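Colleague: I am new to this structure and would be grateful for a guided introduction. Could we begin with the overall architecture and then turn to particular elements?

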Amino acid sequence: MTADNGGVRRIAVLDAPSNLGLQPPTPGSVPGCAKAPGALRDHGLVARLGAADAGCVTAPRYDPGDWAPGDGVCQAGDIVAYSRTLADRLEGLLAADHFPVVLGGDCSVLLGSALALRRRGAATGHRYGLVFIDGHTDFRHPGNAEFVGAAAGEDLALVTGRGQPVLTDMDSLRPYFHASDVVVLGIRESDEYKMDITAAGIPSRTVPVLRAEGAPRTAAWAARMLSDTAGFWVHLDTDVLDPTVLPAVDAPSDGGIGYGELETLLADLVAAPNCLGVEVTVFDPDYDPTGRYARELADALVAGLRPLWTRWADARPRATSVSGAVAARPTVTLPVPDAPVPLRPLADAHRLLRAVADPYRHTDPAHSTVDPDAAVPVPASAVATSAADPDATAKPDATVGPDAPVEPDATVDADSDGAGSGAGGTDGAGPLASTVDAASDGPPADDAASPSVADESAADAASPSAAGESADDAGSFSAARESADEAGAADEADGAADSDEPGAAGGSTAADVRRGTPLGWPESESAARLDRGTATGLGWPS
């Protein structure tokens with residue numbers, strides 16, 4: 001079911017609600033990680049990513065029974081069966097040129113992802129890599145521990161060929177990843193098995209090193225370490241976050257990273273063309289009764305996966321729905337006067353940008369105080385002629401209204417970004433000569449009923465990972481606004497409102513704190529950082 005997407009991969013969200021790799025939180029209880037996919041979906045994750053819904057791989061019953069130390073990995077047979085089923089599903093998604101986002105579940109779901117890539121490599125003769133973002137090494141195995149039991153604490157050892165053969169050699173494909181093709185990020189300095197992964201030849205960066213180098217350079221380093229592979233998979237255990245940020249995990253550990261670092265790290269990794277997919281594990285809604293942490297985690301995933309869903313939104317077929325039917329996309333046609341357009345102050349260019357960005361303003365007669373049939377005279381005092389061009393003319397009595405002639409090619413689509421090379425917000429063709437879709441930068445048409453990706457992209461506009469791709473789009477609009485202010489725009493109320501917008505100079509917002517790098521923030525943002533659950537104990541200035 002490969003989509004006609006011009007070679008751009010669409011995210012496909014696949015639920016993997018397995019608890020099989022965890023110990024019971026208390027005797028006789030069941031871990032809550034299997035509820036994580038539903039909790040994240042409740043916050044509109046699939047629609048906000050513009051993703052295809054790949055369904056769910058249902059896990060076997062969680063039942064440790066009478067397991068005791070020395071019995072090997074608990075429920076190993078069930079984990080093998082589940083891993084093979086999950087690998088089958090992932091192989092299909094990869095073959096269809098989708099970008100899988102697997103919602104676990106515990107860390108043992110990595111076995112299914114690893115098996116899918118190993119099968120793919122065996123068929124093509126390629127090797128694949130793994131970026132392992134986790135608060136723990138998960139490298140316990142019979143060679144360095146008295147006994148094993150919970151696969152979620154042993155998954156990195158298992159996928160690199162260390163442990164019970166029934167788990168490490170499925171389909172006779174051991175190891176699923178070579179140690180030299182794995183990079184570990186986010187572990188704590190005190191991790192029990194940190195020296196073991198170093199001895200195995202697995203490069204790593206602990207949280208202090210990651211923070212000192214910065215998330216962007218760390219992501220680039222990880223991709224460079226795997227540059228000789230045919231592609232890499234990203235394993236994201238949410239316990240990489242500090243417990244002050246996300247306590248709702250199976251095994252919280254102090255000294256983790258913050259959301260801003262995670263979003264930047266994830267965005268830079270998935271932006272790489274050879275990144276094949278992501279899995280998210282160990283979030284436990286049982287420790288999140290209000291849903292606050294699920295909401296914040298969903299926000300972080302949308303921000304971190306932004307390079308993918310924005311690329312898909314730009315490259316998707318012009319008009320598609322779930323059924324594949326083509327639907328007409330509305331355009332807005334603006335009247336163009338027959339007379340030369342008078343040269344007006346730059347403040348009016350600012351107003352025109354606002355009108356183009358929201359062409360449906362005041363179109364409802366019930367909410368309009370303007371007579372639609374009334375002609376709008378242009379006073380002579382408002383006409384400006386250029387001293388550099390003495391031949392420039394303007395008609396003081398020019399009329400702009402519904403009776404003015406309309407040029408047939410002058411259409412502006414409601415999807416215009418409102419930013420281009422000219423003051424009118426188009427790409428050099430003037431304010432009334434561009435045709436773009438009416439759907440804005442949101443999710444595909446089949447997700448239109450869900451929370452808008454356009455809304456999300458506005459909140460994410462300050463993301464460091466998105467700064468490069470948004471700089472060109474934002475330049476013209478920002479220049480028009482600055483020029484209007486310098487020219488003394490007549491609408492001072494608009495100017496005052498602009499200076500008070502979130503993210504303006506001298507202020508700080510939750511989005512600034514979420515997206516910004518943690519080092520060098522001004523003290524005015526301390527309260528906002530603490531509101532995000534961060535703390536000065538993480539090494540950030542107070």
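Modeller: An open sheet is formed by 8 strands in parallel pairing, in the order S2-S1-S3-S8-S7-S4-S5-S6. Strands here are DSSP runs of E with at least two residues, helices are runs of H or I with at least four, and both are numbered from the N terminus; two strands pair if DSSP finds at least two bridges between them. This is a predicted model, in which local features need pLDDT of at least 70, side-chain atom pairs count only at pLDDT 80 or more, and totals for chains, interfaces and linings use all residues. Residues are numbered from 1 along each chain as its sequence is written, and side-chain values use heavy atoms, with hydrogens and water left out.

Colleague: Which residues lie on each side of S3, and are they buried or exposed?

Modeller: In a regular strand the side chains alternate between the two faces of the sheet. For S3, 7 of its 7 residues are buried, where buried means under 20% relative accessible area, exposed over 50%, and partly exposed in between (1.4 Å probe, protein chains only). On one side are His98, Pro100, Val102 and Gly104, on the other Phe99, Val101 and Leu103, and all are buried.

Colleague: Which residue of S8 is the bridge partner of Val101?

Modeller: S3 and S8 run parallel and are joined by 3 bridges. In S8, the partner of Val101 is Val278.

Colleague: At about what angle to S1 does helix H3 run?

Modeller: Helix H3 (residues 76–95) lies across S1, S2, S3 (98–104), S7 (232–237) and S8 (275–281). Axes are lines fitted to C-alpha atoms, for helices over the stretch in contact, and angles run from 0 to 180 degrees between N-to-C directions. The angle of H3 to S1 is about 170°.

Colleague: Where is Tyr176 found, and which backbone oxygen does its side chain reach?

Modeller: Tyr176 is found in the loop between helix H6 (165–168) and strand S5 (182–187). Since its relative accessible area is 4%, Tyr176 is buried. Beyond its neighbours within four places in sequence, Tyr176 has contacts (heavy atoms within 4.5 Å) that include Leu111, Leu115, Arg118 and Met170. At 2.8 Å, the side chain of Tyr176 reaches the backbone oxygen of Leu167.

Colleague: How far apart in space are Tyr176 and Leu115?

Modeller: The two residues are 61 residues apart in sequence. From C-alpha to C-alpha, the distance between Tyr176 and Leu115 is 6.1 Å.

Colleague: What percentage of the residues of the chain count as buried?

Modeller: The chain has 18 helices and 12 strands. Of its 542 residues, the share that counts as buried is 50%.

Technical notes. A polar contact is a pair of N or O atoms within 3.5 Å; within protein, one must be able to donate a hydrogen and the other to accept it, and residues adjacent in sequence count only if both atoms are side-chain atoms.
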